[in-house]
Amino acid sequence: MIRPDAPVLLEIRDLHARVEDKAILKGVNLTIRAGEIHAVMGRNGSGKSTLSKVLAGHPAYTVTGGSVTYRGENLLELDPEQRARIGVFLGFQYPVEIPGVSNLEFLRVSTNARRAEKGEEELDTFAFEDLVRERLKVVQMDPAFLDRSVNEGFSGGEKKRNEILQMALLEPLVAILDETDSGLDIDALRIVAGGVNQLANADNATLLITHYQRLLDAITPDYVHVMAAGRILRTGGKELALELEQRGYDWVDQELAALAAEVA
Amino acid sequence: MSASLAAPAAAKGAWLEGWLAQLPAACGELAPVQERGRQALRQTAIPSARHEDWRFTDLSLLQTLPLAPAAAATAALPAPEAGAFRLHWNGGSDPLAGHALPAGLQRLSAGEIAQGLGHTLAAAGCQQHWPVELNHAAAEHVLALRVTSRSQVSLELVSAAAEGLQALRLLLLLEEKAELDLSQLVEAQAAGLHSLVVEVHLARGARLSHGLVALGQADAALMANMAIEQEPESNAQLSSITSGWGLARLEPRAVQVDGAAHTTLRGLQLVDGQRIADTHSFVEFKGPEGQLDQLHKAVAAGQGRSVFNGAVRVPRAAQRTNAAQLSRSLLLSDRARIDTKPELEIVADDVKCAHGATVSSLQTDELFYLQSRGIGADQAAGLLQRAFCEEVLRDLPAAARSWCSLERLLEVAA
């Protein structure tokens with residue numbers, strides 16, 4: 001839902017970042033307002049996943065230039081946990097398995113960390129169980145998953161559903177979903193996309209990172225951005241995704257080459 | 001494996017000489033054993049880095065410890081588990097006095113003690129190990145019990161001590177198909193030395209689950225030898241959790257006298273500060289088709305030092321043995337140190353013997369995942385550490401499990 005007067009939640013300006021000695025992001029610009037759904041598409045290696053990890057504060061990535069402002073606050077100077085607490089959520093492409101940490105306890109501790117930040121009271125075990133059982137419906141998850149270790153032995157689809165469950169509990173204002181569609185069969189994709197749609201509202205925003213149009217059949221984006229070589233090369237509406245689907249990424253390469261020639 | 005340590009008199013510590021000199025004359029039911037232990041200590045050297053089995057484990061803390069007999073202290077524990085029999089035991093008096101034993105549990109007669117005492121230590125090849133001789137020299141009583149055939153008993157032994165020396169000697173006989181859950185707490189509440197020697201004989205089809213929770217402090221040392229002898233079809237699990245000791249040396253040892261038994265060994269040791277924890281385990285299969293499942297874990301922080309040596313012997317008679325040993329260590333500081341070594345001696349040719357060792361720090365990806373959900377770095381590290389320990393803690397008998405929350409272990413460790 002595009003409303004030009006909606007408040008800006010996330011403002012990315014000329015963002016540069018590297019991992020080890022390799023520059024990956026080379027000047028990303030993106031403005032996200034409340035109520036909007038953005039999709040970032042691009043080939044492997046274009047910098048999509050790096051963008052998501054930099055926004056969440058992964059320690060392996062170093063920001064070398066530019067700025068990211070979240071609701072007027074400098075996001076880049078915050079620890080990953082603080083970013084999460086104030087409402088920035090990263091749905092992982094590969095959710096991490098943590099044997100020995102119970103999923104239920106993990107969800108409770110993280111939910112309470114977010115609630116404390118919002119000035120809401122901490123939920124005890126019983127109150128939290130009620131909440132989590134209600135939110136499980138968003139992704140049609142079996143409560144049995146709560147008793148297992150975090151993501152341990154989960155199928156690809158179960159892991160992604162667990163990510164969306166976390167999103168449902170944390171109620172972020174900006175949710176960045178990194179290839180949430182990868183590894184999902186049709187049914188799981190439908191459930192996960194249904195969850196994302198249920199959680200999207202006029203006050204929050206979603207940034208989908210994906211290779212494929214098929215996720216965008218299920219979640220309609222307001223904006224589609226094409227990323228290549230560490231920058232957003234082109235921005236359009238949902239029709240841009242369809243164009244990409246039809247023409248492939250080759251024309252992106254041609255545009256890049258043209259751009260390079262221009263600079264030279 | 002070291003047998004007796006013949007060494008020049010110069011290697012003996014003055015502190016040990018002094019202690020031996022002021023011990024009361026050997027007396028009581030263990031008098032001959034005391035004599036033997038004292039003699040052995042006089043004639044052998046205190047283990048040092050020159051002895052392979054003690055290469056990494058510095059015993060110098062011992063010379064600073066008060067060694068007068070320790071008074072009993074009170075451990076803060078929840079009420080006994082339903083149906084469990086709890087004994088407070090400090091080694092200095094008969095813990096059974098005034099107690100009616102539960103069904104299935106009987107005191108051994110003097111004749112049975114004379115016959116059984118030391119038998120399993122000898123079978124497990126540790127009757128002359130220095131920590132065992134130390135116990136021989138000091139222990140005044142033996143707690144000697146039988147679990148009768150087909151009975152199920154749940155026993156809790158609580159040994160919390162004030163300053164000084166606590167020497168505990170335990171002898172257990174499990175008759176055919178007897179089952180025993182044994183939760184044991186050894187806790188130092190002040191400076192001192194805690195010596196524990198356990199012998200258990202499991203008859204055919206018997207089952208033992210032994211969980212030792214040993215909580216110490218920087219100026220206290222623990223020397224524990226737990227030896228079990230297993231007849232075929234018996235099932236024994238030895239678990240030990242140690243935290244906080246300035247020095248802890250554990251020697252769990254199991255011998256399957258005719259193979260065809262099941263042995264499970266679990267260990268978790270936490271070291272912080274300048275503490276040392278050392279586990280030297282030993283398992284021997286004297287017949288075919290025995291099984292071993294061993295997991296040893298260590299968490300080393302500060303300048304702590306963890307040592308693990310896991311010996312497994314599979315002689316020619318032990319065909320179709322199936323043994324697995326895994327050592328996993330978590331290194332939380334770049335000044336902590338882990339030494340871990342499997343020691344497999346396999347002669348039989350038709351066996352499965354797996355072993356592995358990992359040393360790692362907390363995984364960045366796991367930490368980041370937790371942090372990205374709003375969980376602070378310290379809390380995330382705590383959750384991961386708890387997860388690491390949980391794999392051992394969850395296998396403890398119920399009472400022992402309830403005695404060692406990770407919070408408690410970490411509090412003691414630091």
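# Reading contacts in a two-chain model

Modeller: Start with one pair. The side chains of B:R36 and B:E133 form a salt bridge, 3.6 Å from N to O. B:R36 sits in helix 2 (residues 31-43) of chain B and B:E133 in helix 5 (residues 130-138) of chain B. The two residues are 97 apart, so the pair links distant parts of the chain.Colleague: What should I know about the model before reading on?

Modeller: This is a predicted model: local features need pLDDT of at least 70, side-chain atom pairs count only at pLDDT 80 or more, and totals for chains, interfaces and linings use all residues. Residues are numbered from 1 along each chain as its sequence is written, chains are lettered from A and ligands numbered from 1 in the order in which they are written, and side-chain values use heavy atoms, with hydrogens and water left out.

Colleague: What counts as a salt bridge, and what counts as a helix?

Modeller: Side chains of opposite charge can pair when their charged atoms come close. The rule here asks for a side-chain nitrogen of Lys or Arg within 4 Å of a carboxyl oxygen of Asp or Glu. Helices (H or I, at least four residues) and strands (E, at least two) are DSSP runs, numbered from the N terminus.

Colleague: Is B:E133 buried or exposed?

Modeller: First, the scale. Buried means under 20% relative accessible area, exposed over 50%, and partly exposed in between (1.4 Å probe, protein chains only). B:E133 is buried, at 6%.

Colleague: Which strands do B:D339 and B:R305 lie in?

Modeller: B:D339 is in strand 17 (residues 337-346) of chain B and B:R305 in strand 15 (residues 305-314) of chain B, so their pair ties together parts 34 residues apart in sequence. Their side chains meet in a salt bridge of 3.3 Å, N to O. B:D339 is buried, at 12%, while B:R305 is partly exposed, at 22%.

Colleague: Which residues are linked in a network of salt bridges?

Modeller: A:R115, A:K118, A:E120, A:E134, A:R135 and A:E171 are.

Colleague: Now the interface. How many residues does each chain bring to the contact?

Modeller: Contact means heavy atoms within 4.5 Å. Chain A brings 29 residues and chain B brings 18. Buried area is the accessible area (1.4 Å probe) that two parts lose on being put together, summed over both. Chains A and B bury about 1,900 Å² between them, with 67% of it on carbon and sulfur atoms.

Colleague: How many salt bridges cross the interface?

Modeller: The rule finds 2 between chain A and chain B. One pairs the side chains of B:R373 and A:E163, at 2.7 Å from N to O. On the side of chain A that touches chain B, the elements giving two or more residues include helix 2 (80-85), strand 7 (98-102) and helix 5 (156-170) of chain A. Helix 3 of chain A gives the most, with 5 residues.

Colleague: What is a nonpolar core?

Modeller: It is a set of buried Ala, Val, Leu, Ile, Met, Phe, Trp, Tyr and Cys residues joined through side-chain atoms within 4.5 Å. The largest one has 120 residues, and A:L10, A:I12, A:L165 and B:L409 touch the most other members. Helix 7 (residues 377-393) of chain B gives the most to this core, with 9 residues.

Colleague: Where does B:S183 lie?

Modeller: B:S183 lies in strand 6 (residues 179-188) of chain B. B:S183 is buried, with a relative accessible area of 2%. A polar atom of its side chain lies 3.0 Å from the backbone nitrogen of B:A400. Leaving aside neighbours within four places in sequence, the contacts of B:S183 include B:L155, B:G211 and B:W403.

Colleague: How many residues of helix 6 of chain B are buried?

Modeller: In helix 6 (residues 364-371) of chain B, 6 of the 8 residues are buried. Among them are B:E366, B:F368 and B:Q371.

Notes
Polar contact = N/O pair within 3.5 Å; in protein donor to acceptor, adjacent residues only side chain to side chain.
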